[in-house]
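This briefing goes through one chain by topic. Keep the sequence and the 3D view open while reading.

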Amino acid sequence: MKMNRRDAIKLGATGVIAAAAATTMSGCNKGEAKPAAQAKVCASGVKNILGKHQVVVIGGGFGGLTVASELKKHNENIDVVVIEKNDTFMSCPVSNTYLGKLEGMTLGKFIFDYAKPVEKYGYSMLKAEVVDIDREAKEVHTSQGIVQYDMLVLSPGIAYDYENQFPTWDKNKISHISRVAPGALIPGSEHIALERLLADMEDGNVIITVPAGKFRCPPAPFERACMIAAYMKKEDIRGKVIMLNPTNSIAKGAAFKEAWSELYGDMIEHIDFATIQDVDTDSKTVTYIHKVPTGEKDKDTGDAILKPIEKKISYEVLNLIPNNKANPVVSMADLEVTSDSFHKVLMNGCSFQTKTDADVYAVGDVVGHAIPPSGQTANWAGKQCAAEIAHRIAGKKFTLPVEKTPVPAGNVCYSMVGDDPEEGIMVTHDFSWTGTVIKGKGNVPKDPKTGKFRSTGTAKALHDWYRGITSDLFS
Ligand SMILES: Cc1cc2nc3c(=O)[nH]c(=O)nc-3n(C[C@H](O)[C@H](O)[C@H](O)COP(=O)(O)OP(=O)(O)OC[C@H]3O[C@@H](n4cnc5c(N)ncnc54)[C@H](O)[C@@H]3O)c2cc1C
């Protein structure tokens with residue numbers, strides 16, 4: 001018989017949980033990867049210039065690592081350095097299964113050592129934080145010194161926009177909230193912090209707040225609700241998973257709703273038009289504005305008229321996922337960006353060169369193409385971007401081959417919705433580039449045999465995909 005957490009506590013086995021926490025933290029903080037920057041980047045002494053490279057890539061995540069290895073595959077003589085601020089790689093994709101404590105999905109499945117691809121492909125890495133970019137001088141300023149470039153690739157991912165979402169919160173409150181109610185949308189230690197909160201929770205509600213506007217991996221909060229509910233069921237923790245969504249939009253909505261109701265009954269509650277206003281961490285209460293239908297319709301548009309009502313809700317664990325914006329590296333580069341609150345980089349037509357500067361490229365979540373922000377997309381884009389740069393270095397022209405458009409399932413994004421048996425759902429996007437930007441067209445398929453969106457086959461495909469993409473980057 002499997003022992004759940006409640007049983008373990010009854011048996012006085014809390015020491016086991018504490019020991020697990022210690023292992024987790026030391027495994028993460030120790031930084032098992034050799035700091036990449038042992039580096040072929042050498043100190044010159046003058047103006048603290050560390051060195052000059054043909055291609056400098058900012059960000060050792062899904063996009064950046066793909067660009068680096070692919071450039072080396074095109075031509076091993078291309079001199080590439082990746083600048084990354086973290087010691088080790090932490091995968092966001094599939095990390096919700098770690099929160100759900102699915103069998104075998106321990107922290108070790110999500111952390112990878114940068115030293116391996118550095119050695120295999122022969123690119124360099126500098127462990128440093130980028131603090132400024134001088135495009136005129138072609139310099140990247142880092143916490144370690146200045147790195148000069150011929151061509152620059154940006155793949156820095158996202159940042160949280162607490163400041164605009166919560167204008168009354170000062171720096172201390174933002175720092176406190178980000179610690180006690182981690183967003184867990186950015187690689188690093190946030191996922192571990194959230195997992196610890198769940199491991200230590202008493203009976204009560206878990207609240208997940210959905211960001212407004214564009215955000216990384218749009219299905220992630222909804223998949224997380226399934227995985228946390230699966231964990232609570234397994235551990236006999238009594239309570240609900242409640243999502244506060246400022247809109248009524250849910251990525252893969254029909255598929256998630258089917259899984260929520262059929263697998264978790266009323267344990268998962270999605271509240272639409274619910275915008276978080278404030279958090280009181282002493283009373284563990286969230287205040288939100290809920291726009292509820294009045295029963296009347298707008299005379300001109302026919303839309304339902306909504307009335308805002310202030311509500312309070314208590315939580316045991318809060319996963320406050322703040323609104324997202326492009327990582328500040330983008331504004332450091334002073335590039336033209338989209339006018340929305342995310343500020344994606346405007347691109348030079350259907351290419352990965354930026355519109356503003358022919359020597360600066362971008363991939364990953366910051367890209368201004370109409371393609372979904374996913375690890376799979378970042379990997380695809382990284383390959384195209386590397387081909388574009390390698391052709392340029394070889395003095396050849398490169399454009400995405402029109403005869404190959406659309407690319408079927410250029411993006412496949414899986415979400416695990418069930419445990420015991422594991423069941424998954426998926427969305428595919430076909431990519432095309434016949435217009436001025438690269439576009440993705442989505443499809444959420446059903447299992448033809450069962451007529452359901454979720455299936456055990458898709459859960460298996462999720463694991464296969466994850467093994468494939470991480471081995472593409474790390475082995
Ligand atoms: C919970 C969750 C589940 C997801 N599931 C999936 C999935 O199933 N499938 C899928 O395809 N995608 C998924 N994604 C999305 C995927 O993680 C992102 O789309 C992908 O990581 C984007 O790649 P990127 O290179 O743009 O950014 P990242 O992978 O985040 O890499 C950016 C890197 O830049 C570094 N960096 C940032 N600023 C600096 C600086 N100033 N100096 C130095 N380094 C810096 C960061 O440390 C980071 O390593 C998921 C995301 C989340 C949060």
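Helices (H or I, at least four residues) and strands (E, at least two) are DSSP runs, numbered from the N terminus. This is a predicted model: local features need pLDDT of at least 70, side-chain atom pairs count only at pLDDT 80 or more, and totals for chains, interfaces and linings use all residues. Residue numbers start from 1 along each chain, following the sequence as written. The chain holds 13 helices and 21 strands. Its three parts are domain 1 (35-157 + 327-400), domain 2 (177-323) and domain 3 (407-470); these bounds come from an automatic or database domain assignment.

**Overall fold**

- The radius of gyration of the chain is 23 Å, which agrees with the value near 23 Å for a compact globule of 475 residues. The radius is taken over C-alpha atoms, and the globule rule is 2.2 Å times the number of residues to the power 0.38.
- Along its principal axes, the C-alpha trace spans about 65 × 60 × 50 Å.
- Of the 475 residues in the chain, 46% are buried. Buried means that 20 or more other C-beta atoms lie within 10 Å of the residue's own; exposed means 12 or fewer, partly exposed lies in between, and C-beta atoms are placed from the backbone.
- Among contacts with a separation of 6 or more, 70% are between residues 24 or more positions apart. Two residues are in contact if their C-beta atoms, placed from the backbone, lie within 7 Å.

**Domain 1 against domain 2**

- The centres of domain 1 and domain 2, taken over C-alpha atoms, are separated by 32 Å.
- Their contact takes 19 residues from domain 1 and 22 residues from domain 2.
- On the domain 1 side, helix 4 gives the most, with five residues.
- That side of domain 1 divides into seven nonpolar, nine polar and three charged residues. Ala, Val, Leu, Ile, Met, Phe, Trp, Tyr, Cys and Pro count as nonpolar, Asp, Glu, Lys and Arg as charged, and the others, Gly among them, as polar.

**Ligand shell**

- The ligand has 37 residues around it, and Gly59, Gly61, Gly63, Gly157 and Gly364 come nearest. A residue is near a molecule or strand if its C-beta atom, placed from the backbone, lies within 6 Å of it.
- Domain 1 and domain 2 each supply at least three residues of the shell.
- Helix 3 (62-74), strand 2 (80-84), helix 4 (95-99), helix 12 (375-393) and strand 19 (407-418) each supply at least two.
- By class, the shell has 17 nonpolar, 15 polar and five charged residues.

**Strand 8 and its partners**

- Strand 1 (residues 49-58) pairs with strand 8 (residues 146-154) in the parallel sense over eight bridges. Two strands pair if DSSP finds at least two bridges between them. Lys52 has Gln148 of strand 8 as its bridge partner.
- Strand 7 (residues 139-142) pairs with strand 8 in the antiparallel sense over three bridges.
- Strand 7 and strand 8 form a hairpin with three residues between them, and Gly145 in the turn has a positive phi of about 145 degrees.
- Strand 18 (residues 360-362) runs parallel to strand 8, joined by three bridges. Leu154 has Ala362 in strand 18 as its bridge partner.

**Strand 11**

- Five of the five residues of strand 11 (residues 241-245) are buried, so this strand is largely enclosed by the rest of the structure.
- Both faces are covered: Val241, Met243 and Asn245 are buried on one side, Ile242 and Leu244 on the other.
- Strand 10 (residues 206-209) runs parallel to strand 11 and is joined to it by four bridges. Val206 is bridged to Val241.

**Backbone details**

- The peptide bond from Thr405 to Pro406 is cis, with omega near -5 degrees. Pro406 sits in the loop between helix 12 and strand 19.
- The peptide bond from Asp420 to Pro421 is also cis, with omega near 5 degrees. Pro421 is in the loop between strand 19 and strand 20 (423-432).
- Lys101, a residue other than glycine, has a positive phi near 55 degrees. Lys101 lies in the loop between helix 4 and strand 4 (111-112), and is buried, with 20 other C-beta atoms within 10 Å.
- Ala409 also has a positive phi, near 50 degrees. Ala409 lies in strand 19 and is partly exposed, with 14 other C-beta atoms within 10 Å.
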